[in-house]
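Here is a brief report on the packing in this predicted model. Please look at the structure first.

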Amino acid sequence: MDIYDKVAYNILYYMDELSKSEKFIRAFPDMTIFEYICAKTNITPKRLAKILEIGAKRKTRIDEVYRISIALGVNINEIISNEVK
């Protein structure tokens with residue numbers, strides 16, 4: 001598993017955690033986590049899908065990971081770690 005897969009797994013983990021959050025559900029009742037991240041980070045849905053695709057040949061840029069971590073409310077070190085959540 002390369003670093004890009006680890007980043008994708010960690011982003012998916014924190015997306016799942018945020019989707020279970022009562023605060024998020026109350027604040028954005030008609031929006032999915034995917035739509036929320038796209039809107040908050042200015043990353044297109046197509047690009048975000050590529051970032052989250054496991055096993056794909058893609059290069060995720062650090063600025064994209066940073067913007068996603070801010071949108072998820074997570075420290076970037078939690079996403080870019082060797083440990084998969």
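## Aromatic pairs

Y14 is buried, with a relative accessible area of 14%. That falls under the 20% cut-off. Y13 is partly exposed, at 32%.

The whole structure holds four aromatic pairs. Y13 and Y14 form one of them. Their geometry is edge-to-face, with 5.0 Å centre to centre and 80° between the planes. The rings of F24 and Y36 lie 5.2 Å apart at their centres, and their planes meet at 80°, so this pair is edge-to-face. F24 sits in helix α2 (residues 22–27) and Y36 in helix α3. Twelve residues separate them, and the pair links distant parts of the chain. Both F24 and Y36 are buried. Ring pairs join F24, F28 and Y36 into a cluster.

## Helix α5

Helix α5 spans residues 62–72. Its buried residues are E64, V65, I68, S69, A71 and L72. Viewed down the helix axis, they fall within an arc of 160°, so they line one face of α5. An α-helix has 3.6 residues a turn, so residues three or four places apart point the same way.

G73 follows α5 and has a positive phi, near 75°.

## T60 in the loop

T60 lies in the loop between α4 and α5. Is T60 buried or exposed? Its relative accessibility is 14%, so T60 counts as buried. Leaving aside residues up to four places away in sequence, T60 touches Y4, R47, I51 and V65. V65 is also among the buried residues of α5.

Methods: Residues are numbered from 1 along each chain as its sequence is written. This is a predicted model: local features need pLDDT of at least 70, side-chain atom pairs count only at pLDDT 80 or more; totals for chains, interfaces and linings use all residues. Side-chain values use heavy atoms; hydrogens and water are left out. Buried means under 20% relative accessible area, exposed over 50%, partly exposed in between (1.4 Å probe, protein chains only). Helices (H or I, at least four residues) and strands (E, at least two) are DSSP runs, numbered from the N terminus. The arc is that of the directions from the helix axis to the C-beta atoms. Contact means heavy atoms within 4.5 Å. Rings of Phe, Tyr and Trp (its six-membered ring) pair if their centres lie within 6.5 Å; planes under 30 degrees apart count as stacked, over 60 as edge-to-face and the rest as tilted.
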